[in-house]
Amino acid sequence: MRYDPDVPQIPHAALTTEDARMLHRMQDRGERVYLRLTMEAQTYPDVESRNVIAEIRGREFPDEVVVLGGHIDSWDVGQGAMDDGGGTVAAWEAVRLMHVLGMRPRRTVRVVLWTNEENGLRGGNAYRDNYADQLDKHVLAIESDGGVFKPSGFGFTGSDEAFEIVQQIGSLLDRIEAGTINRGGGGADIGPIMREGVPGAGLQVDGSKYFWFHHSHADTIDKLDPEEMARCVAAMAVLAYVVADLPEPLPR
Ligand SMILES: [Zn+2]
């Protein structure tokens with residue numbers, strides 16, 4: 001939600017799907033619908049916050065980095081389980097699995113839980129600024145921010161040469177039907193570093209139910225299916241690990 005500086009700012013609220021459908025049914029019945037909205041949201045002054053970062057240092061090229069994550073903040077209602085708690089935990093779990101299995105790839109794998117995506121992308125922008133002198137050594141950025149439903153693969157933004165390599169890696173995920181690599185994709189939090197030239201990949205999932213929950217009181221942890229979540233973890237882990245362990249860096 002953004003306002004053009006030249007127009008008056010009109011208050012803006014979100015309804016759940018259930019409420020919107022109820023209003024629709026009332027309208028279809030010919031009822032005249034009146035709404036009273038009580039809105040208490042305010043914008044407070046900025047306070048300090050932080051991205052949460054952990055990494056496995058690469059065994060051969062520690063200054064080359066595969067970064068993966070999601071955003072740790074959420075909308076002000078619900079728990080933010082799908083948007084984006086599930087994505088952050090999937091990324092964290094992918095790196096935790098490498099750690100407990102003793103798998104240390106050639107390059108560094110860094111998990112980042114970006115802060116304040118919903119209210120201005122501050123964490124993603126701060127990451128870009130803090131690592132500005134290292135971004136040419138970031139070989140890939142991966143984000144999950146579409147809910148942790150059954151994954152189908154990734155949307156990839158990068159060179160044709162890199163796309164072919166990522167497609168080959170995707171074939172490792174065909175067994176769990178998560179190996180389809182499409183052209184174009186990324187994520188809000190990795191957007192700032194992608195605009196600096198870092199190739200990006202966004203986890204693609206069955207999004208048919210995402211907006212049942214997204215930014216509403218219904219976005220709670222009971223909506224997460226452990227099997228689908230595990231597949232998201234597997235997809236993130238395989239792409240991050242294999243790219244981090246390629247003999248040559250993923251070409252730009
Ligand atoms: Zn999100």
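Two strands count as paired if DSSP finds at least two bridges between them. Helices (H or I, at least four residues) and strands (E, at least two) are DSSP runs, numbered from the N terminus. The model is predicted: local features need pLDDT of at least 70, side-chain atom pairs count only at pLDDT 80 or more, and totals for chains, interfaces and linings use all residues. Residues are numbered from 1 along each chain as its sequence is written.

**View 1. Strands E2 and E3.** Strand E2 (residues 61–71) and strand E3 (residues 107–114) run parallel and are joined by eight bridges. His71 has Trp114 in E3 as its bridge partner.

**View 2. The open sheet.** Seven strands form an open sheet with mixed pairing, in the order E1-E3-E2-E4-E7-E5-E6. Strand E1 (52–56) and strand E6 (180–183) stand at the edges with a single partner strand each, so one side of each has no neighbour in the sheet. On average, neighbouring strands of this sheet are turned by 25° against each other, direction ignored. Helix H2 (residues 81–100) packs on the sheet and touches E1, E2 and E3, its direction making about 150° with that of E2. Contact here means that the C-beta atoms of two residues, placed from the backbone, lie within 7 Å. Axes are lines fitted to C-alpha atoms, for helices over the stretch in contact, and angles run from 0 to 180 degrees between N-to-C directions.

**View 3. A cis peptide bond at Asp83 and Asp84.** The peptide bond that joins Asp83 and Asp84 is cis, with omega about 5°. Asp84 has its place in helix H2. Most residues other than glycine have a negative phi, and most peptide bonds are trans.

View 4. Asn116, not a glycine, has a positive phi of about 50°. Asn116 sits in the loop between E3 and helix H3 (122–130). It is buried, because 20 other C-beta atoms lie within 10 Å. His215, also not a glycine, has a positive phi of about 55°. The loop that holds His215 runs between helix H6 (210–213) and helix H7 (226–245). His215 counts as partly exposed because it has 18 C-beta neighbours inside 10 Å. A residue is buried with 20 or more other C-beta atoms within 10 Å of its own, exposed with 12 or fewer, and partly exposed in between, the C-beta atoms being placed from the backbone.

**View 5. Helix H1.** The 12 residues of helix H1 (residues 17–28) should span 16 Å at 1.5 Å a residue, and the end C-alpha atoms are 16 Å apart, which agrees. The expected span is 1.5 Å times one less than the number of residues. Of the 12 residues of H1, zero are buried, so the helix lies largely in the open. Gly30 follows H1 and has a positive phi, near 85°.
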